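Dear colleague,

I am handing over the structure below, and after it I set out what was found. Please read the notes with the coordinates open beside them.

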Amino acid sequence: MNTKVILIATTIFLFAGISKMFGQMQSRYLVEDMYTADPSVHIFDGKIFVYPSHDIHTEGVDGAMGGHYNMKDYHVFSMENINGKVKDHGVVLSLDDIPWAGRQLWAPDCAEKDGKYYFYFPAKDKNDIFRIGVATGDSPEGPFVPQPAPIIRSYSIDPAVFKDDDGKYYMYFGGLRGGQLQRYRNNKALECGEEPSGDKDALYPKIAAMSDDMLQFAEEPHDVVILDKQGRPFKGSDHQHRFFEGVWLHKYQGKYYLSYSTGNTHNLCYATGDSPYGPFTYQGILMSPVHGWTTHNSIAEIDGKWYIFYHDTKQSGKNYLRNIKVREFEYNEDGSIDTIDGMD
Ligand code: FUB
């Protein structure tokens, strides 16, 4: 190849990259007058709804087990379109109104069925055990009225409810360390549970089909198996790839995409599969680490474009005071996704 050809090819390559960048919506903070995190996005009634955690300042820090994420209520936000004004629908559920809950309202999600809305949330019960609760409402904006008790057989954190094209609903959940998943095996609490280390297989997130009334699991939760490209489970020591928390499930061109955080290595990874139950095959890093310890995503197609909702701590400089954001991304022709820059 002579120099002229190389020069032309480089110019075309750079031009394509720059136009892709400028054609796309760059990252945008959604809420700046309060701290919010863990955004779950849904399109309800033709509007974009975001269901986040509501971060607050807390005295007393318990670094390793997340005690400083001491949230006490939830707000709901909506937009008419992706560039539109973000409306705060106010407090839709408070800790004081949840009869079984003791503390720490963590990452929630919401689902719609037959015109009713189901708001799912993790909270520690009065014995400091994370359970997953559900509160119901007649509108995606809330308010939501909690059920008197958590979902039977629920444990750990980060519920994400996915509606498949056949109308079935599934809850994905689980999170390590502060999220307590290491305290369980085969859905049973252990006397003393530890995160697998060394050559032991890593723990998986869980999935359970929802009951027709959306208030309970319709089955025992199953492992959501995530394998590397050679079909092997990740080892407990492989902190760059193994699941930690914050699962989200979306579908693209008939494939199921599972995205999740690796926690202490701060990656958002993704894996694909042919069934909501998996197994899923690891594909790569969806987003490189953001500012802050936690990273948590949700994904939706809005008006023909794809968006990732996430959070970072650029504005506060504190791990437990986060701001939710959105940015556009594109799929490659083969369905893969190039790593999104989390620092952007
Ligand atoms: O917001 C509290 C916890 O931090 C969430 O449940 C995790 O996913 C992490 O973002």
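In what order do the five strands of the open sheet with mixed pairing stand? The order is S17-S21-S20-S19-S18, where strands are DSSP runs of E of at least two residues and helices runs of H or I of at least four, numbered from the N terminus, and where two strands pair if DSSP finds at least two bridges between them. The edges are strand S17 (226-227) and strand S18 (245-252), each of which pairs on one side only. S17 runs parallel to strand S21 (residues 280-287), to which two bridges join it, and leucine 227 stands opposite threonine 281 in S21.

Before going further, please note that this is a predicted model, in which local features need pLDDT of at least 70 and side-chain atom pairs count only at pLDDT 80 or more, while totals for chains, interfaces and linings use all residues. Residues are numbered from 1 along each chain as its sequence is written, and side-chain values use heavy atoms, with hydrogens and water left out.

The mean pLDDT (the predictor's confidence in each residue, from 0 to 100) is 94 for the chain, and 93% of its residues reach 70 or more. Confidence is lowest in helix H1 (residues 3-23), with a mean of 52, and highest in strand S12 (residues 169-173), at 99. Over residues 12-16 the pLDDT is below 50, and this stretch has zero contacts (heavy atoms within 4.5 Å) in the model beyond near neighbours in sequence.

The whole structure holds 27 aromatic pairs, that is, rings of Phe, Tyr and Trp (its six-membered ring) with centres within 6.5 Å, called stacked with planes under 30 degrees apart, edge-to-face over 60 and tilted for the rest. Phenylalanine 49 and tyrosine 51 are stacked, at 6.3 Å centre to centre and 25° between the planes, and both are buried. The rings of tyrosine 155 and phenylalanine 173 have centres 5.4 Å apart and planes at 85°, so this pair is edge-to-face. Both of these residues, tyrosine 155 and phenylalanine 173, are buried.

With best regards

Notes
Buried < 20%, exposed > 50% of the residue type's maximum accessible area, 1.4 Å probe, protein only.
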